[in-house]
Amino acid sequence: MSNNIRKARKTDVKRLITLLHQVNMVHHEIRPDLFKPHTTKYNEEELESLLSDARMPIFVYDDGDVRGYAFCQISEVRDDILLHDIKSLYIDDICVDEAARGRHIGKALYDHVCDYARSIGCYNITLNVWEGNAPALSFYRNMGMKVLKTTMEVIL
């Protein structure tokens with residue numbers, strides 16, 4: 001695991017908001033019909049609350065400044081009639097600051113999340129990539145991820 005990666009703290013919240021804005025704008029540019037511009041999925045209070053939720057760890061890459069993050073969610077299937085019992089880690093978001101791209105920070109965060117998931121007994125790691133986000137799709141394929149399922153839509 002990279003020495004620059006740690007769990008997010010309350011003092012990181014303002015920086016996380018800035019990075020969340022960057023992610024939202026990527027999504028807004030791809031799907032302006034769905035994503036509003038200049039906003040974030042969490043506000044400062046919600047982020048502070050997430051920091052204490054063990055089922056939703058947030059990791060940051062910090063080399064003196066927070067350059068990126070990984071928002072995760074842990075879920076478990078137990079005693080399901082159809083599915084085997086498994087623990088999964090879902091990557092809700094990985095973001096690397098636009099000004100810090102090309103320094104392998106995304107790979108370091110991804111590798112850290114994989115190591116963390118293994119350490120807590122996860123069977124798999126999942127995530128979603130929006131259609132049209134070719135850089136993200138390429139990155140995750142390069143990390144060894146494969147398509148699990150496809151979500152389709154028709155706009156009425």
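Two strands are taken to pair if DSSP finds at least two bridges between them. The model discussed here is predicted.

Q: Do strands E2 and E3 pair in the parallel or the antiparallel sense?
A: Strand E2 (residues 58-62) and strand E3 (residues 66-77) are joined over five bridges, with Ile-58 standing opposite Phe-71 in E3. The sense of this pairing is antiparallel.

Q: What is the handedness of the β-α-β crossover from E4 to E5?
A: Strand E4 (residues 86-96) and strand E5 (residues 124-127) pair in the parallel sense over four bridges, and Ile-91 stands opposite Leu-127 in E5. Between E4 and E5 the chain passes through helix H3 (residues 105-119), and this crossover is right-handed.

Q: How far apart are the end C-alpha atoms of H3?
A: Helix H3 has 15 residues, which at 1.5 Å a residue should span 21 Å. The distance in the model agrees with that expectation, the end C-alpha atoms being apart by 21 Å.

Q: Which helix is included in what covers the buried residues of H3?
A: Buried here means under 20% relative accessible area, and the buried residues of H3 include Ile-105, Leu-109 and Val-113. The cover over the buried residues of H3 includes E1, E2, E3, E4 and E5, together with helix H4 (134-142).

Definitions and conventions: Residues are numbered from 1 along each chain as its sequence is written. This is a predicted model: local features need pLDDT of at least 70, side-chain atom pairs count only at pLDDT 80 or more; totals for chains, interfaces and linings use all residues. Side-chain values use heavy atoms; hydrogens and water are left out. Helices (H or I, at least four residues) and strands (E, at least two) are DSSP runs, numbered from the N terminus. A crossover is right-handed if, with the strands pointing away from the viewer, the path from the first strand over the helix to the second runs clockwise. The expected span of a helix is 1.5 Å times one less than its number of residues. Buried means under 20% relative accessible area, exposed over 50%, partly exposed in between (1.4 Å probe, protein chains only). Contact means heavy atoms within 4.5 Å.
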